[in-house]
Amino acid sequence: MLVGLLLAFLFLFPNLTYGVEWLSFGRLRPLHTNAVIFAFIGNALFGGIYYSLQRLLKTRMYSDVLSKINFWGWQLIIVTAAITLPLGLTSSKEYAELEWPIDIAIALVWVAFGVNMIGTILRRRVRSLYVAIWFYIATFITVAVLHIFNSLVLPVSWFKSYSVYAGVQDALVQWWYGHNAVAFFLTTPFLGLMYYFVPKAAERPIYSYRLSIVHFWSLIFIYIWAGPHHLLYSALPGWAQSLGVAFSIMLIAPSWGGMINGLLTLRGVWDKVVFSPVLKFMVVAITGYGMATLEGPLMSLKNINAIAHFSDWVIGHVHIGGLAWNGFLTFAMLYWLVPKLVKSNIYSTKLANAHFWIGTLGIVLYAIPMYVSGFTQAAMWKQFNPDGTLVYGNFLETVTQIIPMYWMRAIGGTLYLVGALLMGYNLYKTIRKGTPVSDEEANALPLIKISKKRVIGEKYHPWLERRPIRLTILATLVVLIGGIVQIIPTLMVKSNIPTISSVSPYTPLELEGRDIYIREGCVSCHSQMIRPFRSEVVRYGPYSRAGEFVYDHPFLWGSKRTGPDLLRLGGKYADSWHLNHMYDPQSTSPGSIMPAYPWLLHNELNTAMTLKKMEVMVELGVPYSSEEIDNGLTSLDKQAEEIEKRLLEDPQYAAAYNAETRDANFVPLKNREIVALIAYMQRLGVDLSNALDPEQKTKN
Amino acid sequence: MLQHVKEHMATINGIGAYPIFTLLLFTGFFAGLIWWILRFKKATIQQLKNIPFDE
């Protein structure tokens, strides 16, 4: 949350962390999303599951060792993430940025959690599995599948790897993962927690158990199909886009079924809501779930997506989900759980209520400005003059217009964080006045075997509920159907990605430049995906083709346009413009909110891995010849020299550079990182422009 | 829109069965689910509902 707030202020003061590489926006943004998803929400769901599972099954966890591995392993992963992401060690795939050794650690810890959970279920002392546990099981298996398939990479070194998928396929797999990580890491475990903690706090059973069964099966069945709605109007095949839209709309039904089930559980206790901070947090959390799950499908409609995508609307949407649904449900759980664990009452109900109101105000002040800003951006991006030119041809005008919204958002975020700090204090005081947490013995009787006679004429679901393994397998199958239907045809059918003959692999220098682009997290703010709209084609150039990205391991389409799209950047500006722009963005673009990257102008480019990188690319199907690899460093040097020559044509820079030559640790310009980055940026989109003849160009 | 679907799908052998299979799978899933939950006895439902309170 703190990192998020820092990011919000970087929108307002882009050079707040000037010159500190590891505090630049592009590196902190993945840290923010990873910290919220894996640290905050991950720990909340583990805590909630460990508490409720043992009570619902009347038995202790299967293995204390596995529980400890789960806890300490997870915290270690979080610490490694907090170190590696600011260092720029990233795969650049959203919410899966961590490099491969950490990915393996995540898989191991996750399996430890799953084995522990299934083991506990097998030794349970109650017959039937409560619905919350099904949600936990679905969470475990689906996250495991998603994580493994999306993290398939070929390592170059310990902390550098390339996705095995390229371009369109990488995008599809990534958003199949990204979408379902939201579904099965942020939604299903929290629904399980809702089905346990809401009835407990309200002291009445869930409104409709039948509805909860429908909720579970239809949610896990439908959710997995909807991933492509993150790629509408992109170069993804049309049929996959339509499938994503249709299933997204269908998702409203189970999601709202769940919301209604949660809210109606509170029927008859609404008077308690007035006084109980726990119930208040739950009401807003469940309402937030309902809002976000209505908004999501609406945003998946192609006509609405045309407005929402790449804009701040998406940021508003995810924060309704994160702050209201996940955040508030976690707060409710903590306010209910901590006093119970330390056998005491909450230190101050007043303070908890204050937290509730400050937090709610924070969410409102965060989300509304983002909606306003999203619509403003979309409207300004698309507005034409009568003569067919763009009204806001300079992208920057659309940025400066929404700065007041970024101010309000930062205030909203601050309020939310202040609320969380109040909770921290309140819970600390509660723990101090309570008794130390002691082990509660599980002392239920073991189950006796059911005689054959008793199960005659038994319905299928009670039968299934007693068989967790079969339930797990069935849930896995249900989840996999959607993924298989979408991904296999895209991976197999060649015609899905028409080849473009002029598209060729990156040169060694461009490849290194692309890796710097990845390291600095440029993709956080700049897309490389021009949708087939008149407004985008006029602004950026010919729309994106699937065949352009066949050598892009990983793809860098992005999901947000804080700055303009860069797909057709090549040749648009002179090399020296790029150099000045990276050194001081405000000098070339007054009013820009892009942070400066001064270190790129000094750092020496590390070419120790260049050849290895090319070899790995060959293994992934990029057609570098052995000759090209052998001459890799020579050709890199040659291309760098040409760029150096052009840069030194700028007399002002040449003078400054000549002064530097006297430094003891002087690095020739051609060996610096900026040169590689410029090489990459000047290559962007050039291949396609060469392919399109002038007639076609005007048509586009 | 439709021509895009056709273009990509037509290249798969025996594609005709694909949409029919998918439709059957989809409707079958929900028909089965509804049939399933409607057959629950009220007493069973009550018992399942109360699991969290049975500590």
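In this predicted model, the secondary structure of chain A amounts to 29 helices and two strands. The radius of gyration of chain A is 27 Å, close to the 27 Å that the globule rule gives for 700 residues, so chain A is as compact as a globular protein of that length. Chain B, in turn, has three helices and zero strands.

**Overall build of chain A**

- Taken along the principal axes, the box filled by the C-alpha atoms of chain A comes to roughly 85 × 60 × 55 Å.
- Of the 700 residues in chain A, 49% are buried.
- Among the contacts in chain A with a separation of 6 or more, 83% are between residues 24 or more positions apart.

**Domains of chain A and their contact**

- Chain A is divided into domain 1, which covers 2-437 + 460-489, and domain 2, which covers 508-699, and the C-alpha centres of these two domains lie 34 Å apart.
- The contact between them takes 45 residues from domain 1 of chain A and 48 residues from domain 2 of chain A.
- On the side of domain 1 that touches domain 2, the elements of chain A that give two or more residues are helices H1 (2-12), H2 (25-57), H6 (167-202), H14 (349-382) and H15 (395-400), together with strands S1 (153-157) and S2 (160-163).
- H2(A) gives the most to this side of domain 1, with five residues.
- By residue class, the side of domain 1 of chain A that touches domain 2 of chain A divides into 23 nonpolar, 14 polar and eight charged residues.

**Packing of H5(A) with H7(A)**

- Two packed helices are described by the angle between their axes and the distance between the axes.
- For helix H5 (residues 131-150) and helix H7 (residues 209-223) of chain A, the packing angle is about 10 degrees and the axes are 10 Å apart.
- Angles under 35 degrees count as roughly parallel, and H5(A) and H7(A) are therefore roughly parallel to each other.
- From H5(A), the residues A:Val131, A:Trp134, A:Phe135 and A:Ala138 meet A:Tyr209, A:Ser212, A:Ile213, A:Phe216 and A:Ile220 in H7(A).
- The residues of this contact of H5(A) with H7(A) divide into eight nonpolar, one polar and no charged.

**Chain B**

- From the N terminus on, the elements of chain B follow the order α-α-α.
- Buried residues account for 9% of the 55 residues in chain B.

Notes: Residues numbered from 1 in each chain as written. Chains lettered and ligands numbered in written order. Predicted model: local features only at pLDDT ≥ 70, side-chain atom pairs only at ≥ 80, totals over all residues. Helix = DSSP H or I, 4+ residues; strand = E, 2+ residues; numbered from the N terminus. Buried ≥ 20, exposed ≤ 12 C-beta atoms within 10 Å, placed from the backbone. Domains from an automatic or database assignment. Contact = placed C-beta atoms within 7 Å. Nonpolar A, V, L, I, M, F, W, Y, C, P; charged D, E, K, R; others polar. Rg over C-alpha atoms; globule rule 2.2 N^0.38 Å. Axes fitted to C-alpha atoms, helices over the stretch in contact; angles between N-to-C directions. Parallel < 35°, antiparallel > 145°, perpendicular 65-115°, else oblique.
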